[in-house]
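Open the model in a viewer and keep the selection tool at hand. The stops below go chain by chain.

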Amino acid sequence: MIRQRIGLALYNLAVWVVVLAIAFPLFWMLSTALKPNDETFALPPTLLPVHPTLEQFQRLLTETPFTTFFVNSVIVGLCTTVLVVSVAVLGAYGLVRFRFPGRELIAHLVLFTYLLPAVLLLLPLYLIISRLGLANSLAGLVIAYTTFALPFALWLLRSFIVAIPIDMEEAAMVDGASRMRAFVEVVIPQALPGIISTSLFTFIMSWNEYLYAMVFINVDTSKTLPPGVLTMLNQNQNVEWALLMAASVLMSVPVLVGFSFLQSHLTRGFGSGAVKG
Amino acid sequence: MASVTLQALRKRFLDGTLALNDLSLQIADQEFVTFLGPSGCGKTTTLRMIAGLDNPTDGQILFGARRVDQLTPAARNIAMVFQSYALYPHMTVRRNLEYPLRKRGVTGKERDERIARTAALLKIEPLLDRLPRQLSGGQQQRVALGRAMVRDCDVFLLDEPLSNLDAELRAHMRAELVQLYRRFGHTMIYVTHDQAEAMTMSTRMVVLRGGELQQVGTPDEVYHAPANRFVAGFVGSPAMNFLPGDLVEEAGVLQVRTQPFKVSLSDQRRAELAKGAPSVLVGIRPEDLRLEPGDGPGRVVLVERLGHESIVWVGLGDQRLCCRAAAQAPLAADQSVRFLADANRVHIFDAEGMRRLIGRC
């Protein structure tokens, strides 16, 4: 009994160490963002701001092009997500439900493209995007992100759609629905947890992506957050850490909010108990 | 409602498997026909082709005079109950029942009335606002039936709808289905591998094996005059016993001789006997084979006492024969027994068991 309790206590301790190790940088980011400039480098450092202030956020939103970068990131993230998920859900359904020669080969080739390092595709993609006249545009970024988010999204959704019993779709067709209506009214609701997780994955990938955004966009008006914030802060010789932390906090907000709203959908399985056998 | 005609229906899958070979069948309007057979016999494939979920490789399907094999499932006006029930898990029971009506453009008030009527009939009114995952297997089964019954259809298809229920519920639902059929008189096509369901529910049975039609007939015909060894062995539980035998004429009487017993055929039965080789396969059902304790070729292996009767397994060389006996039959393991058979109850097939040679028992 005592050994069991000690074991449980040690286990809890280990879990808390890991949680704190992961959470501390986030806490430090928030704490620094709320400190005035002179407190950022105070020695000894203060864990919580002694004089908490929103000054850094105010400066960020009024004196820097942060809002432009933010809006650009939102546009690129949403457009990429909608495009990728729309194509992937239809593609995954086709790969799962239709029998045609080379079906498995196509599925594996799609995954193969995902295995190539992103940096390898950077130059060829840049050339293609430039020739299309889309360099320095958000549309160019959306296309580039789609090329490497789509294969993974396709495979992720494929595994969700495989798990949906075909009987339900067939029942809908017998009940009078066309295949497309059965897809929309029966398959999509079943695949919702998969669609949401794929959307989150795609959005976060697009939101955090730095390399392509850095190479493809050279004008400030079209920059997204990761390269935008970095270049903005590099313009001054000394890095303003408090401002950088405030930017980091605001960059984390959409992902955190989105995730907390959608996480219940990720774990909720509509399908359980609906089909026997 | 409509009759269903299958004309030379054939289905070959992409991998080359011949799932159904040249099936022709006429199902009358308001008939309850059961497709019976082991796994892979083509019964579900046939049902799916009638539903429009699979396309036939060759042949035609007609509902009444209307050819339907090129139509989508939606255009065929059928209702189907799936083995898995296939309820829409994100919709409540009410919305599940509503779905086929909405698809057929049934308006609000009529829709509500039909749902209420169907729910009352199947006693699922208290479940209308629940999700399928909140229902037991039996309740889900009722909802699946309700979804099929809620609208008027030409043909009602059921794909092993009771196979996921426990034995008690299955027997109950079997009786309810028959009552529903009598009440509504739909043309019903029912697929099952359970011969008890086929025997008790249908007006006619279609026995299939390996994509080939074996026999079509009333349950009584199939049981008492099975067309071949397969049907004879598949229908009936415990299964029929088979023994190699010979037809021997002795003093003007035709005898059927097997190792454990011999019987003399009456003139009437002899007249029914098709001509063939003297070597035959003799079948006898467990209830038609009697055992007598005493010096004989058989040795009792096991006596299963079921309360109302006993099932007795008797060793005969390498073979085991099964007999039904009275509940308190004075038989025990290792006892020697003689076999007695009624000449009017033996089934005679050709030596390969491919063809029945004598009339019904």
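Predicted model: local features only at pLDDT ≥ 70, side-chain atom pairs only at ≥ 80, totals over all residues.

In what order do the 4 strands of the open sheet in chain B lie? Select them and read across: E2-E1-E4-E5, with antiparallel pairing. Strands (E, at least two residues) and helices (H or I, at least four) are DSSP runs numbered from the N terminus, and two strands pair if DSSP finds at least two bridges between them.

Residues are numbered from 1 along each chain as its sequence is written, while chains are lettered from A and ligands numbered from 1 in the order in which they are written.

Next, select E1 (residues 4–12) and E4 (residues 58–63) of chain B, antiparallel strands joined by 5 bridges. B:Val4 has B:Phe63 in E4(B) as its bridge partner.

Colour chain B by pLDDT (the predictor's confidence in each residue, from 0 to 100). The chain average is 92, and 100% of the residues score at least 70. Among its elements, the mean is lowest in helix H5 (residues 167–184) of chain B, at 86, and highest in strand E3 (residues 32–36) of chain B, at 97.

Move to chain A and select domain 1 (1–62), then domain 2 (64–276); the bounds come from an automatic or database domain assignment. Their centres, taken over C-alpha atoms, are 31 Å apart.
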